Amino acid sequence: MLKMIKEEIISVGCFEFLYSLIGKDYSRENILQAINSVIYEYADCSSLKETEEQEGLNLRKARKIAQYNGVLKIIEELGEHRRILEIGSGNGRLVRKIAERFRNAQITGLEKDIGLVKKLRGSDIPPNVHFEEGDAFSFFPEKKPDLVISLHGCGNLTDRVLDIAINSKANVICVPCCYPKIKRKTKGQVELPRSNSLASFKETYKKVILRRAAKLDGAVDDIRETRPNVMRSLYRLLVDFDRALYLKEKGYEVTFVNVYGRYFKSGSEEKANSPLRRALVGKIKN
Ligand SMILES: C[S@@+](CC[C@H](N)C(=O)[O-])C[C@H]1O[C@@H](n2cnc3c(N)ncnc32)[C@H](O)[C@@H]1O
């Protein structure tokens, strides 16, 4: 079994425990401790590995490199893959990095922005890379991937990514973002909560958890671990718990992993990374 998997964590009991923290007068530290206890932390992804890349980078780029390094580490830990699909591949940098690290794998970047795809196709891309223009919601891979990735897939895109992985019987790594964009029901495809395990929490999930997760987004400081920030993390985790339970019901070993550290070093300076750093990692059971 994957060493990062804490299988027992993904359970209704754990969800109930986390949910019970809401509205109680627990300290910020206690809530943070509870959140951290269900997430696997990659201690060694905090710093940028490639020394030359540290120089002259703006914060956004430096953060991104720390994120890519973290994703590469998780891919490595999941095992060998032959066909990797990144959904919402944007400027294609992560696709390139994956292709350079895993030369025996074929990597596809799916992106709905045709302008980005055209630009990438016209550029010098590694031979094991292919960029495809398309909307994930109407995308069915011709050749089934054995790993599906999405880094900062907005709103329900993460839910679509999970379904593409499930239908392909592929491992999955996704770092969700844009919680306010999550719709309870989209294009007749996704209805939240998705897991049968949380069926009895349906109203709470829609009326409390999704609503609060959306409301807290943007309303709080991104960097410091203030109480509102910690509560935001808690609500986000509760949203993703449903996705984790759904994956588990579909035959996956599932874990939450922080893809990169809370802080990272850029040169000699320590800088805060984006709080959107928690991945849902699913490994299909054989
Ligand atoms: C926040 S960006 C992340 C880009 C990249 N993964 C990264 O981390 O640098 C999200 C990307 O997903 C793309 N996207 C959004 N919805 C999509 C969909 N339904 N199908 C395919 N791509 C989509 C957007 O155009 C955008 O490039």
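**Exercise 1. Which hand does the crossing of α1 and α9 have, left-handed or right-handed?**

This is a predicted model, in which local features need pLDDT of at least 70 and side-chain atom pairs count only at pLDDT 80 or more, while totals for chains, interfaces and linings use all residues. Residues are numbered from 1 along each chain as its sequence is written.

*Solution.* Begin with the elements: helices (H or I, at least four residues) and strands (E, at least two) are DSSP runs, numbered from the N terminus. The axes of α1 (residues 12-20) and α9 (residues 227-249) come within 10 Å and cross at roughly 155 degrees, which makes α1 roughly antiparallel to α9. Here axes are lines fitted to C-alpha atoms, for helices over the stretch in contact, with angles from 0 to 180 degrees between N-to-C directions; angles under 35 degrees count as roughly parallel, over 145 as roughly antiparallel, 65 to 115 as roughly perpendicular and the rest as oblique. The crossing of α1 and α9 is left-handed, a term used if the near helix is turned anticlockwise from the far one by less than a right angle, with clockwise giving right-handed.

**Exercise 2. Determine how α2 is oriented against α9.**

*Solution.* The axes of α2 (residues 28-37) and α9 also come within 10 Å, crossing at roughly 30 degrees. The two helices are therefore roughly parallel to each other, and their crossing is left-handed.

**Exercise 3. Describe the span of α4 and what follows this helix.**

*Solution.* Helix α4 (residues 59-78) has 20 residues and reaches 29 Å from its first C-alpha to its last, close to the expected 28 Å, where the expected span is 1.5 Å times one less than the number of residues. After α4 comes Gly79, whose phi is positive, near 120 degrees.

**Exercise 4. Locate Leu198 and state whether this residue is buried or exposed.**

*Solution.* Leu198 sits in the loop between β8 (190-191) and α8 (202-216). With 22 other C-beta atoms within 10 Å, Leu198 is buried (20 or more such atoms; exposed is 12 or fewer, partly exposed in between, with C-beta atoms placed from the backbone). Leu198 and Tyr246 are 48 residues apart in sequence, yet 9.1 Å apart in space, C-alpha to C-alpha.

**Exercise 5. Characterise the shell around the ligand by class and by strand.**

*Solution.* By class, the shell has 8 nonpolar, 4 polar and 4 charged residues. Strands β3 (106-111) and β5 (147-154) each supply at least two residues of this shell, and β5 gives the most, with 3 residues.

Note on methods. Ala, Val, Leu, Ile, Met, Phe, Trp, Tyr, Cys and Pro count as nonpolar, Asp, Glu, Lys and Arg as charged, and the others, Gly among them, as polar.
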